Structure formats: structure tokens, C-alpha cells
Amino acid sequence: MISALDLYHVLTAVVPLYVAMILAYGSVKWWKIFTPDQCSGINRFVALFAVPLLSFHFISTNNPYTMNYKFIAADSLQKSIILILLFIWSRASSRGSLEWSITLFSLSTLPNTLVMGIPLLKGMYGDDSGTLMVQIVVLQCIIWYTLMLFLFEYRGARILIGEQFPDTAGSIISFKVDSDVLSLDGKEPLQTEAEVGEDGKLHVKVRKSTSSRSEIFSRPSHGGVSLTPRPSNLTNAEIYSLQSSRNPTPRGSSFNHSDFYSMVNGRNVSPRQSNFGSLGFDEESGVGKVNGGANSGNGGNGYPTPHNAGIFSPVANKKKGHGGGDGKDLHMFVWSSSASPVSEGGIHVFRGGGDYGNDQLNGVAHQKDYEEFGHDEFSFGNRTVANGVEKEGPVLSKLGSSSTTELHPKASSQGESKPTNMPPASVMTRLILIMVWRKLIRNPNTYSSLIGLIWSLVCFRWNVVMPAIVAKSIAILSDAGLGMAMFSLGLFMALQPRIIACGNTVASFAMAVRFLVGPVVMAASSLIVGLRGVLLHIAIVQAALPQGIVPFVFAKEYSVHPDILSTGVIFGMLIALPITLVYYILLGL
């Protein structure tokens, strides 16, 4: 039976966390102490120093040789069961999709164990439960967050290939990715070159797109090749507007699929229409040549007319051109998208972004106030900007978080389109692993978790003691990490327009998944592996913790239901204490 003293100990451990969160919320929302830019700086400090060192502290002081393998097995089994069920659902049901599978997996299996779980469970079940929570943190950082990255990059790769190679994706046998391409999340403009090898297969190179893409070449009417570059009209302000745009904008591909079949099969097929002129390939000389494309609205000069910020503008009014060429093309496409303000510059546990509070509307910069800040962070579909102009619906529908058009194309006017064939599994796996690796090596939590685990293995195996200077240097920041993490969360809550960003119905569904489905599956998994007594109680309560922060950062960065995950984080934190107390009391009866 739970006594009043036990409840007091729990509140003593948890209430100070909420005090830090409420102070941060009031500092922005009520007292206007911090500006959005200052909040961004605080969040960046937390992401780069406080939370990684806090994670290192917990992991390095945990004895890995005394880990409770039954408890770990129960946690792993819960996540595996939910992952398998979601996979079957996405394959068997017409309503299933990769996006919803990722979101439901995050909601049901990835709680806020590091910041909220350790102090809460210590207050409920003692210090030994804190050790168990550290073991869960290690698995989350090393295995489950890596799996999440793999799924997000897989989705990004499918979108890129499905948009640009809808008919020829199965012929791709290799991807080469430039070292400066860090992700396929769509926040950076990407450009690829696809070459047809002697075997008739495609070899694709992915690289960053730059403003030099505005130098469009054209072929004169007499058939010669003009290599005169067109001067770029992208000013510094326009380039800034492009890079800070929050609206993912997939660009039309100039990969002429009919030309590909024409070249491989020797058939003379009319080239596909393209927004850009395509670069041809001279078989005799082996040198690329330029095939100009007339573009409507350009005065017949072979150059597309720029709109707003130029040909890479997120809101450019694209017009169809009539591609020209001889059917032997070196094809290119541009995949332009947004820089997420939350995740810009890498994956961080808490990240405010470097340009919070600034936006570009029709090329005019304006500063958002506290009430307006963040209003467009979690919007989907067609949105109306300040001047009443509606942003492009089709653009957002392709990469919007709730969209599955890239995976399950809608039926067209001519009939239902067939799913895009993907490259061989080995080719896709290699591409995704490259991108996941590049993400992980830029995440400070990756280093803190791995170094902490290595140090704990060495320390508890040979009784090595960390030098006092190093230990105290880490302790100063790690001790502040917990409070700073909650303070950062309060700033994040204050900068959002609504606590429930996804609507009441979806929020209710998300909370049911978070606080009911997760604990129920965890209870079943724990019973299967043989957990009983206090260990069973700890496993169930930790599964009922509020939504983790890292899954939201991923969701925002890859534009997959960030409104639902933000609601899970914010609203989940508000109702987590009473819900976990209910579980604690019921399990103690």
C-alpha cells in the first residue's frame, strides 16, 4: 500500500522539475524576459553541453556488468512487438503508411527517460530504479534512436527516388553522395546527376545544390551549343530567404524517363517535358553537351523567367517547358526544401535554431512578436500567410508530414498509378546507412553515450578512477543539465502558439497511445520474460512517462507529424505526473 510519505517523496523528486519548466514558460509568455533569439541560444547550450554531459554522467557511473538483462529484454520485446505490428499494419491495411508507423512507434515506445524518468522512478522505487532507467537510456541512444534515423532516412530516400525516378528507379545500381550532403531530410536543396552505364543501369550522384544552378544554358536555333551562362538574380537577401524557408519544395525533375528507355532499347520516343534544359551526352566524344529547353514565359530566349527569389524560390511559379534533345541525356534534378529552425545545423536534443523570430514574406523581412512566434511551425497543407496569399498546396502535399503521396500515389485522372519500383535492397541500404552515419557523427549525444559506455566498461572492469579535475569539470555542467533541460522545455512550450497543436481528436488518440498502449504492451512483454514484483511495476511506470524530446526533433526535421509529437511533449508533460501517480498507486495496491 502506498503511504502519504511515499507520495511526498515522489512529489519532492518531480515538482522541482516542473518549477524550472514553469519559470521558463513565464519568462517568455508572461514576463517577456527572453526574446526568441535568446531562447535559441539557451536551447543550443542545452543541446551541445548540458544534456550530453548529463547523459555521459549517468551512463559512465552505471556498472554495465550488473545490468538486469530481464528488464532490458522486456523493454526490447515491447518495442519489437509494436514495430512488427506496425509493419504488418502498414503492409496489410490501405490506411497504413510509413509516416504513421514511425509516429505511432515514437508515441508508444520512446518516453522521456533521461530527464523525467530517472528522478521520478528514484522517488517512487529508490536508487536501484534509477540504475534501470540508465540502462534504458543507453539502449535508446545507441539502438532505438539509430533505428528511428534509419526509418526517417529510408522515407527521405523513397520520396527523392519516387519523385524523380518514378519509372526508372529499378535501374539504379549505385548512389554516390558528396561529403557535404548530410541528410535526405529535405531541408537542403539537393541536386543529382544520373548517368547511364554501359550495362544500361543508372549511376546516381547526389550533391548539394547551389545558386550556380541559375546559370541555365540553351541551344541556339541553328543547332550549335551556347555555353554563355545567364547571370544570377539571386541577391544575398533572396538566398537567405531560400535557405531559411520552412516550406519543403520538391523541384521538378529533368530526368527524361522516355529518353532513358529510348537510349537503352533503341526506340525513338519523344522526350518528357521538363522545367529545365537537359544536358546531353555525345557518344562519339564522350563529352556532355547542352540541350536547351524552351520555357514558356521566357520570351523565347531559352531561359526560364525567375519569380520571387529566383529559380530556387520556395514559392516560385513554375511553368511547364517543352524539353528538347536527341534522346541521349545526362539527366539532372533539384530537390529543394526547407531548413528546419528546430533542427538546423544538426540533430540536437533541444534545438532552437539560429534564425528564430525571423521570416520572409514576399521578400520582406519582419520580426515576430511573442504571440506570433512559432505559428507556422506545425501547419500542414495550404496555409495563408500574412498578406492573404495562399502558399502552394501541391508543394506542401508532397512533403507534408501527413502526406503519403510519395509512398501511395493517389489515383490520377487517367487511372490509378502504380507504386514506384525501388532500387535493389542492397543499394538502398548502403545509401541509408551512409546518411545515418553522417547524422550520428554530428550528434553530441552519440559521442556522450558511446564514450560514457566505454568509460564504464573500463572503469568497472579494472577499477580505474576518473581524475578529479575531469570529474569535477563534467559534474559542474551535468548537475545543471537536468534543470536546464526542463527550463529549455518550458521555453519551447512558451514559443508555441498552442499546447494542443494537432487538434483535440488527434491529441486524444496520441495520448491514448502514449499512456495506455505503451504500458499495456510493456506489461505483456514483462510477463513474457518473467518480470514480477517491483521490477514489473518499474517497467510499467517507465512506459507511461511523457513523450521523449528526441523523437519530436526528428519529426520536425523530417516533417513527419511534428504537430502530433509536439503535443505529445507539451501536453504529455502537463498530464504525466497525475497519470504516473495513478499507475504508481494502482500497482501498489
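**The H6 and H15 packing**

Author: H6 and H15 pack with their axes 11 Å apart, at an angle of about 10 degrees. An axis here is a line fitted to C-alpha atoms, for helices over the stretch in contact, and angles run from 0 to 180 degrees between N-to-C directions. Helices (H or I, at least four residues) and strands (E, at least two) are DSSP runs, numbered from the N terminus. Keep in mind that this is a predicted model, where local features need pLDDT of at least 70, side-chain atom pairs count only at pLDDT 80 or more, and totals for chains, interfaces and linings use all residues. Residues are numbered from 1 along each chain as its sequence is written, and side-chain values use heavy atoms, with hydrogens and water left out.

Back to the pair: H6 and H15 are roughly parallel to each other (under 35 degrees counts as roughly parallel, over 145 as roughly antiparallel, 65 to 115 as roughly perpendicular, and the rest as oblique). Contact means heavy atoms within 4.5 Å. Sorted by class, this contact has nine nonpolar residues, two charged and no polar. For the classes, Ala, Val, Leu, Ile, Met, Phe, Trp, Tyr, Cys and Pro count as nonpolar, Asp, Glu, Lys and Arg as charged, and the others, Gly among them, as polar.

Both of these helices also meet H10. Helix H10 covers residues 425–440, and its 16 residues reach 22 Å from first C-alpha to last, close to the 22 Å expected at 1.5 Å a residue (the expected span being 1.5 Å times one less than the number of residues). Its buried residues are Val-427, Met-428, Leu-431, Ile-432, Met-435, Val-436, Arg-438, Lys-439 and Leu-440. Buried means under 20% relative accessible area, exposed over 50%, and partly exposed in between, with a 1.4 Å probe and protein chains only. Those buried residues pack against helix H6 (127–164), strand S1 (172–177), helix H11 (444–462) and helix H15 (549–558).

Now follow H6 to another partner. H5 and H6 pack with axes 7 Å apart, at about 160 degrees, and are therefore roughly antiparallel to each other. Their crossing is right-handed. From H5, the contact takes in Thr-113, Leu-114, Gly-117, Ile-118, Leu-121, Lys-122 and Tyr-125, and from H6 it takes in Asp-127, Ser-129, Gly-130, Met-133, Val-134, Ile-136, Val-137 and Gln-140. Here the class tally is eight nonpolar, five polar and two charged.

H5 has a further neighbour in H1: the axes of H1 (residues 4–29) and H5 (residues 113–125) come within 7 Å and cross at roughly 160 degrees. That makes H1 roughly antiparallel to H5, and this crossing is right-handed. His-9, Val-10, Ala-13, Val-14, Leu-17 and Tyr-18 of H1 make the contact with Val-115, Met-116, Pro-119, Leu-120, Gly-123 and Met-124 of H5. The residues of that contact divide into 10 nonpolar, two polar and no charged.

Next, the stretches on either side of H15. Gln-547 lies in the loop between helix H14 (534–543) and H15, and it is buried at a relative accessible area of 0%. The C-alpha atoms of Gln-547 and Thr-109 are 8.8 Å apart, although 438 residues separate them along the chain. Beyond its neighbours within four places in sequence, Gln-547 is in contact with Ser-106, Leu-107, Leu-110, Pro-111, Asn-112, Arg-514, Leu-565, Gly-568 and Val-569.

His-561 lies in the loop between H15 and helix H16 (562–587). Its phi is near 50 degrees, a positive value in a residue other than glycine. Most residues other than glycine have a negative phi. His-561 is buried, with a relative accessible area of 2%. Over in the loop between H11 and helix H12 (468–494) sits Asn-463, whose phi is near 55 degrees, also positive, but Asn-463 is exposed at 65%.

Finally, Asp-563 is in helix H16 and counts as buried at 10% relative accessibility. Its C-alpha is 5.4 Å from that of Ala-501, 62 residues away along the chain.

How values were computed: Left-handed = near helix turned anticlockwise from the far one by under 90°.
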